[in-house]
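Open the model in your viewer and keep the selection panel at hand. This tour moves from the whole chain to single residues.

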Amino acid sequence: MDTSVRNRLIVFLASLVLAVVFLIPTFFPDKFTDRGSWISRPIGLGLDLSGGVHLVYQVEGDEAVNSQLLTKANSIRADLRELKIPVLKTGLDSKGQLEITLASNRRTEEAKNKIAEAYSDLNFVDSVPDGERIRLVYSVSELNREKIKTQAMARTIETLRNRVDQFGVAEPLIQKVGSDRVMLQMPGVQDIEAVKRVVGSVAKLEFRLIPTVTGTAGQVMMKDRSGVPIAVEDQALMTGDSVDNARVSVESGQVEVMLSLNSEGTRAFRKITTENTGRQLAIILDNTVYSHPSIREPITQGSASISGGFKIEEATQLAIVLRAGALPAPLKAIEERTVGPTLGKESIRSGISAILIGFVAIVLFMIVYYQKSGALAVFSLFINGFLLIAFLSAFGATLTLPGIAGLGLTLGMAVDSNVIVFERIREELRNGAGRDAAVSAGFDRAYSAIMDANMTTLLSAVILYFLGNGPVRGFAVTLSIGVLTTVYCAVFVSRLGFDLLPLRGKKELSI
């Protein structure tokens with residue numbers, strides 16, 4: 001065996017070993033439940049094969065704009081207070097414009113200049129006198145409004161992905177549909193209500209002080225979990241952006257959600273509890289007051305807790321959504337359904353049957369028509385399928401019904417490259433070339449045709465991937481990987497087989 005053949009044999013064996021390593025989680029899925037414990041993951045089944053939950057939500061983009069305006073209102077209030085300009089209230093009018101009511105009209109221009117300097121994305125609309133008071137009205141341009149909606153969509157998808165990952169669902173599909181909708185598919189999950197509680201909660205966390213005197217300006221009314229109205233100050237002192245982690249804790253039989261604050265949150269919480277010792281601090285989630293404990297002393301450790309008669313399941317789900325962060329806008333359920341696995345099992349059975357029938361037909365044809373060389377092509381086809389499945393596992397792919405179609409198409413097309421090579425070799429033998437010369441010339445002259453055909457298919461698969469949706473992408477991924485393994489097996493593995501094996505028949509070469 002010469003050095004070139006030996007080196008190629010080592011490469012071939014190494015690729016087989018690597019494929020086996022990639023497939024270990026698929027062979028033993030129960031031992032690889034931790035997705036980060038190995039270099040590959042078990043091949044998962046898509047929603048169309050395993051069943052699961054299918055949800056379509058509409059992102060309320062206008063609410064994202066309103067939320068951002070109200071956040072700016074709190075910042076404006078704080079800035080004007082530093083200038084000793086009293087602000088009675090802030091809010092949105094019926095047109096979605098921001099209104100800032102000043103207690104006096106004497107320093108209106110100073111307030112307008114400060115807002116124009118610090119908030120250049122706000123457009124001044126009007127100033128409306130109301131006795132001694134004055135209302136300043138601001139809006140955002142249509143361009144900025146659309147920008148906020150676009151950012152809200154991107155953040156929604158990111159937040160949903162974080163929530164689903166912590167929920168423990170394997171291979172979810174989360175993607176944008178149209179301009180304002182998000183589709184979520186979670187294979188293998190049947191409890192749609194649990195999914196909705198984790199996914200659909202806005203999880204807007206706020207810390208606000210309870211006013212010492214009710215009924216005065218600067219207050220809003222909210223309700224606790226039992227529906228009892230509670231007055232809170234209209235300015236949020238801290239939000240969920242300050243939360244670094246959230247976990248469930250059971251203290252003296254009471255279930256709580258413990259919050260760990262990031263460095264910025266720790267500083268803010270220390271300042272809040274230092275300056276307001278003796279007052280009550282309301283912990284508010286999605287405009288519901290969960291608890292309002294009294295601040296007995298400054299809290300410097302950077303931790304807080306949310307209580308409120310939780311069950312373990314409720315606390316766990318709340319901790320998940322707090323860890324993942326708040327949604328930038330509410331979600332409206334447009335479509336929700338649970339897909340059963342019955343159709344999936346039937347699809348898998350039909351797909352595998354079609355692949356096996358086609359594969360057997362190819363095997364019979366190749367062996368009958370090309371004899372021992374055909375048997376080598378069949379071996380190459382086996383290796384092709386083995387490597388294809390291994391690399392699907394390496395990329396963490398999810399097998400869908402279109403993916404099975406891509407798998408069958410790959411195996412059907414793979415033998416085409418062998419046919420091109422074999423016909424070239426036959427042509428060389430008819431022209432009087434010897435066995436080795438015919439094989440070498442056959443592979444050399446077939447190479448360009450094989451590459452052209454497969455690169456064209458690969459280009460089509462890439463276009464399908466970037467322009468298609470979930471199922472089409474599954475087909476494109478399978479087909480793309482199949483093209484690469486097909487070229488490797490047709491050009492490298494088959495040629496190595498001819499160099500290692502005599503493949504002699506009645507003539508110099510059985511082909």
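What follows is a series of selections in a predicted model.

**Whole chain**

Start with everything selected. The chain holds twelve helices and 19 strands. Next, look at the overall extent. The C-alpha trace spans about 110 × 55 × 45 Å along its principal axes. How does the radius of gyration stand against that of a compact globule of 511 residues? The globule would be near 24 Å, whereas the chain has 33 Å.

Of the 511 residues, 45% count as buried. Then colour by charge. There are 54 positive and 52 negative side chains. The centres of these two sets lie 3 Å apart.

Take the contacts with a separation of 6 or more: 68% of them link residues 24 or more positions apart.

Select residues 87-92, strand S3, and residues 98-102, strand S4. The two strands run antiparallel, joined by five bridges. Pick Leu92 and look across: Leu98 in S4 stands opposite. Five residues separate the strands of this hairpin. Which residue of the hairpin takes a positive phi near 80°? Select Gly96 to see it.

**Helix H4**

Go to residues 108-118, helix H4, and select Lys112 within it. Is Lys112 buried or exposed? Lys112 is buried, because its relative accessible area is 18%, under the 20% cut-off. Show what surrounds this lysine. Beyond four places in sequence, Lys112 contacts Phe124, Leu136 and Tyr138.

Now select residues 243-251 for strand S13 and residues 254-261 for strand S14. Eight bridges pair them, in the antiparallel sense. Arg247 has Met258 of S14 opposite. Two residues lie between the strands of this hairpin. In the turn, Ser252 has a positive phi of about 55°.

While the strands are on screen, follow the side chains along one of them. In a regular strand they alternate between the two faces of the sheet.

Asn287 is not a glycine, yet its phi is positive, at about 65°. With 48% relative accessibility, Asn287 counts as partly exposed.

Then take Thr288, in strand S16, residues 288-291. What does Thr288 touch, apart from residues up to four places away in sequence? Show Lys223, Asp224, Arg225 and Ile283. Draw a distance from Thr288 to Arg225, C-alpha to C-alpha. It reads 6.4 Å, across 63 residues of sequence.

**Helix H9**

Finish at residues 342-394, helix H9. Select Gln371, which lies in this helix. Gln371 has a positive phi near 55°, in a residue other than glycine. The relative accessible area of Gln371 is 40%, so this residue counts as partly exposed.

Key:
Residues numbered from 1 in each chain as written. Predicted model: local features only at pLDDT ≥ 70, side-chain atom pairs only at ≥ 80, totals over all residues. Heavy atoms only, no water. Helix = DSSP H or I, 4+ residues; strand = E, 2+ residues; numbered from the N terminus. Rg over C-alpha atoms; globule rule 2.2 N^0.38 Å. Buried < 20%, exposed > 50% of the residue type's maximum accessible area, 1.4 Å probe, protein only. Contact = heavy atoms within 4.5 Å. Lys, Arg positive; Asp, Glu negative; His and termini not counted. Charge placed at Lys NZ, Arg CZ, Asp CG, Glu CD. Pairing = 2+ DSSP bridges.
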